[in-house]
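Visitor: I would like to learn how to read the packing of helices. Please take me through it step by step.

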Amino acid sequence: MHECMNALERELAQLQQEVEALPLLVARVFRLPEVEKGREHDAITQIAVEQHLGAKACAMALTHFRKLFIQHQSEKLSTKAAVRLPGAICLECDESAQAQLEQRVSQINSLKARLEYMITVESGLPSEARFEFVHQHLRGLITLNAYRSITLLDSPDSLRFGWANKNIIKNVQRKEIVEKLEKSLKAGRSQAPWSREQWAEKVQEELALVRALPDSVRLKIKRPVKVQPVARVWRAEEKKQVQLACPSPILVMCRDRSRVPVLGELLNYNADAINYRHKPPAEQLYLLIPRLHLWCDQPF
């Protein structure tokens, strides 16, 4: 894990050097308010956006990519909240520079995926035990920043920015939930404010509840996702728009400096001002295990 982290930091340093050596055509990033410790779960109804342009925006983007440890930020800020800097950096790239940049970003994203796999899968630990494991081996690592891949695009016609606010809904099998709860039970750990014995009793109750459900029941994970910035990428030749999550600046490669993509603005977020074009009626679901965001389609 240390080797993977060291390799990732080296590759990010190389990326910074390579980007700084390329002609900057246009850059626009949007600084969002920082989240203080203890306020990670506050409801978000408004977000004030601060726009930065040009060389300053590019420098902010490169710093953002390398911000992997809490030592890189103020002690007052939360390590549980994602640090986001939406925007785009457009660089003039010839064929050689483009190939080098593509290879560098691919290597960085592979290392990020490898690190995430080691922590979430190879460790064999339930989610509640990973924080202690990570900080024992990589003290101060901000996993949200370390896992997040870098997006690289080849000269779209425009990038416009906006906000997405939705739920993640995923169908799950009873067997998956039973295995997850059994694994948590075997780990022998607890979650505040419960003692180890109280936590084990709580998980046993959850297991009994899931096992007692009728065979016909359908289970879903329905988890709200906090509002997040997105980029809408338009390619005129394809007459196609693609929406991408945009927690970090997108790197855009341009062969022709006379055809620089149009970069839109990210406006302030105001939950009270959202107009839904079409909001289909939600399926009736019943909350089964709140901490897992587990719902079922039948009353129990």
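This is a predicted model: local features need pLDDT of at least 70, side-chain atom pairs count only at pLDDT 80 or more; totals for chains, interfaces and linings use all residues.

Guide: In it, Leu12, Leu15, Gln16, Val19 and Glu20 of H1 meet Cys58, Leu62 and Phe65 of H2. By class, that contact holds 6 nonpolar, 1 polar and 1 charged residues.

Visitor: What angle do H1 and H2 make, and how far apart are their axes?

Guide: Two packed helices are described by the angle between their axes and the distance between those axes. Here H1 (residues 2–21) and H2 (residues 54–65) pack at about 165°, with axes 10 Å apart. Angles over 145 degrees count as roughly antiparallel, and H1 and H2 are therefore roughly antiparallel to each other. Their crossing is right-handed.

Visitor: Which residues of H1 are buried?

Guide: An α-helix has 3.6 residues a turn, so residues three or four places apart point the same way. In H1 the buried residues include Cys4, Leu8, Leu12, Leu15 and Val19. Among the elements that cover the buried residues of H1 are H2, strand S4 (87–92) and helix H3 (95–122).

Visitor: Is the crossing of H6 and H7 left-handed or right-handed?

Guide: The crossing of H6 and H7 is left-handed. The axes of H6 (residues 174–187) and H7 (residues 196–211) come within 10 Å and cross at roughly 165°, so these two helices are roughly antiparallel to each other.

Visitor: Which residues of H6 and H7 meet?

Guide: Ile177, Val178 and Leu181 are among those in H6, and they face a set in H7 that includes Trp199, Val203 and Leu207. The contact of H6 with H7 divides into 9 nonpolar, 2 polar and 4 charged residues.

Methods
Residues are numbered from 1 along each chain as its sequence is written. Side-chain values use heavy atoms; hydrogens and water are left out. Axes are lines fitted to C-alpha atoms, for helices over the stretch in contact, and angles run from 0 to 180 degrees between N-to-C directions. Helices (H or I, at least four residues) and strands (E, at least two) are DSSP runs, numbered from the N terminus. Angles under 35 degrees count as roughly parallel, over 145 as roughly antiparallel, 65 to 115 as roughly perpendicular and the rest as oblique. A crossing is left-handed if the near helix is turned anticlockwise from the far one by less than a right angle, and right-handed if clockwise. Contact means heavy atoms within 4.5 Å. Ala, Val, Leu, Ile, Met, Phe, Trp, Tyr, Cys and Pro count as nonpolar, Asp, Glu, Lys and Arg as charged, and the others, Gly among them, as polar. Buried means under 20% relative accessible area, exposed over 50%, partly exposed in between (1.4 Å probe, protein chains only).
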